[in-house]
Amino acid sequence: MKTKNVYELDPERLATTDEHGHRVYLYPEDVQGKWKNRRTIFSWALLFAYLVLPWIYINQKPLLMIDILKREFTFFGSTLYGVEPIFFFLVLAAGLFFIAFTTSTLGRVWCGWACPQTVFIQTIFSKVESLIEGKSRKRRELDLAGMSFQKVSKKILKWIIFTIISLHIAHTFIGYFIGPRELFLISLHSPLENLGIFTTTMIASAVILLDFGWFREQFCIIACPYGRIQSVMMDENSLVVAYDSRRGEFRRGTLDVPKELEGDCINCYHCVKVCPTGIDIRRGTQLECIACTACIDACDDIMTKLHKPTGLIRYTSENQINGLKRKLLSLRPALYLLIFVSLVIGAGFFLKASSRLQLVFLRSSIPFQITQEGRQLTNHFTLKLSHQGGREYALVFEVADPDLQKSISVITPIHPTLVKKADKKIILFFKFDPKILINGTRKISLIAKDTLSGQIVSSKEVVLVGPTH
Ligand code: SF4
Ligand code: SF4
């Protein structure tokens, strides 16, 4: 190769570290192009969904809320009560396998298009930075310049705006778990009254501020667990952002290569200058590549100016780059898809099964009472009603055996008993003729009938007791 270009990276170390291991700050250049336009539209749609939708209420309920403590999940105005941890686990596991499936087919599409790290930094934080400190070259010059009023005031303004944005992102995030209106009301009171929520929100704000404002690509390269494991999910058919070396090489300026053997790459380093993780994609697929497509747009721009076909860097697969066909669904993604579908079906079945009303009887400390001079007995219970799902009940209770219905009265404080949320406890009495007892006990079956649907929604066996003589 000819003399080293300043953008020529040392193959022995990360682009973001110098020879002493210290961080090298990146100033990626702006890029324009069709992929940038598509990603901008997609990012704003995601930002709208994240930042605005939870503040919208339907039926006095937020559009989306996950109340972990109460085990309630609200989605578009409907609430699922008493959600069991196993249901959360099944949904979470299904989500992970869905990401594994998309990664094995579409590569790091999550990182480049939907990860909050990419979306917030590229759509908001970098834009604010450019507005205050200028474009790539100006930002670099400002950081290298000595202290001045202009430098300090720009930095202070930038970090104040970053802080306000971080606070809003963190409050919205916490709002997903306790409800945005509730969070707003809480924020009107002293932090000491809700120290736990206040501390959590402040920690989340600080983490967001430091990560999106300063740590940035370091998180993707060093800290992100998904970034570390995504390579094991991918194979030679996965979609990646890749440089077509068969078309690009020998790149312009390669020593001892005659002009007629030069490929389409003119060695302009435009693809390196725009990369947010500072890598050179011409060295092949790398762990640091977040598939943000910036280098595709950068190179397409150069190719268009040279009147050459675009796509020297493009979305493709290892097989396609090597002239082979890309399988749309190979064994690995097919397995991920199968597990994902199984988990979704499992979660559906679990939800359906556990949405059945459960009755638990707790006998009072006095097993029975004799009333009406021995002609009637009373058994007193606490009845716990629980179910998982969004259904509401208006219950009446009856003895299942028609022969016993006349002899046993079921008494509840309110008739019918309304069950709106996941759990409810009521007091329930059985008043009955002692003659139904056999050796002082009688097992009966109690049915719960929902007057809203007219269906029997649950039944339970109960033992009635009385004196043994
Ligand atoms: S932008 Fe394209 S032409 Fe320029 S160095 Fe990168 S791959 Fe080569
Ligand atoms: S190599 Fe290209 S796609 Fe990968 S992170 Fe850099 S600019 Fe984005």
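Leaving aside its neighbours within four places in sequence, which residues is Ile 281 in contact with? Before I answer, a word on conventions: this is a predicted model, in which local features need pLDDT of at least 70 and side-chain atom pairs count only at pLDDT 80 or more, while totals for chains, interfaces and linings use all residues. Residues are numbered from 1 along each chain as its sequence is written, and chains are lettered from A and ligands numbered from 1 in the order in which they are written.

To the question, then: Ile 281 is in contact with Val 241, Tyr 243, Cys 271, Cys 289, Cys 295 and Ile 313, where contact means that the C-beta atoms, placed from the backbone, lie within 7 Å. By a nonpolar core I mean a set of buried Ala, Val, Leu, Ile, Met, Phe, Trp, Tyr and Cys residues joined through C-beta atoms within 7 Å; a residue is buried if 20 or more other C-beta atoms lie within 10 Å of its own, exposed if 12 or fewer, and partly exposed in between.

Let me turn to the ligands. Of the 14 residues around ligand 2, those that come nearest are Cys 275, Ile 281, Cys 289, Cys 292 and Cys 295, a residue being counted if its C-beta atom, placed from the backbone, lies within 6 Å. That shell divides into 12 nonpolar, two polar and no charged residues, with Ala, Val, Leu, Ile, Met, Phe, Trp, Tyr, Cys and Pro counted as nonpolar, Asp, Glu, Lys and Arg as charged, and the others, Gly among them, as polar. Ligand 1 is surrounded by 15 residues, of which Cys 265, Cys 268, His 270, Cys 271 and Cys 299 are the closest, and its shell has 11 nonpolar, three polar and one charged residues. The largest share of the shell around ligand 1, three residues, comes from α13.

That helix, α13, runs over 294-305; helices (H or I, at least four residues) and strands (E, at least two) are DSSP runs, numbered from the N terminus. At 1.5 Å a residue, its 12 residues should span 16 Å, and the end C-alpha atoms are 17 Å apart, which agrees; the expected span is 1.5 Å times one less than the number of residues. Its buried residues, including Cys 295 and Cys 299, pack against α1, β6, α12 and β7.

Most residues other than glycine have a negative phi, and most peptide bonds are trans. His 307, in the loop between α13 and β7, has a positive phi near 60° and is exposed, because 6 other C-beta atoms lie within 10 Å. Arg 216, in the loop between α8 and α9, has phi near 45°, yet counts as buried because it has 22 C-beta neighbours inside 10 Å. A cis peptide bond joins Glu 249 and Phe 250, with omega about -10°, and the bond from His 415 to Pro 416 is also cis, with omega near 0°.

Notes
Contact = placed C-beta atoms within 7 Å.
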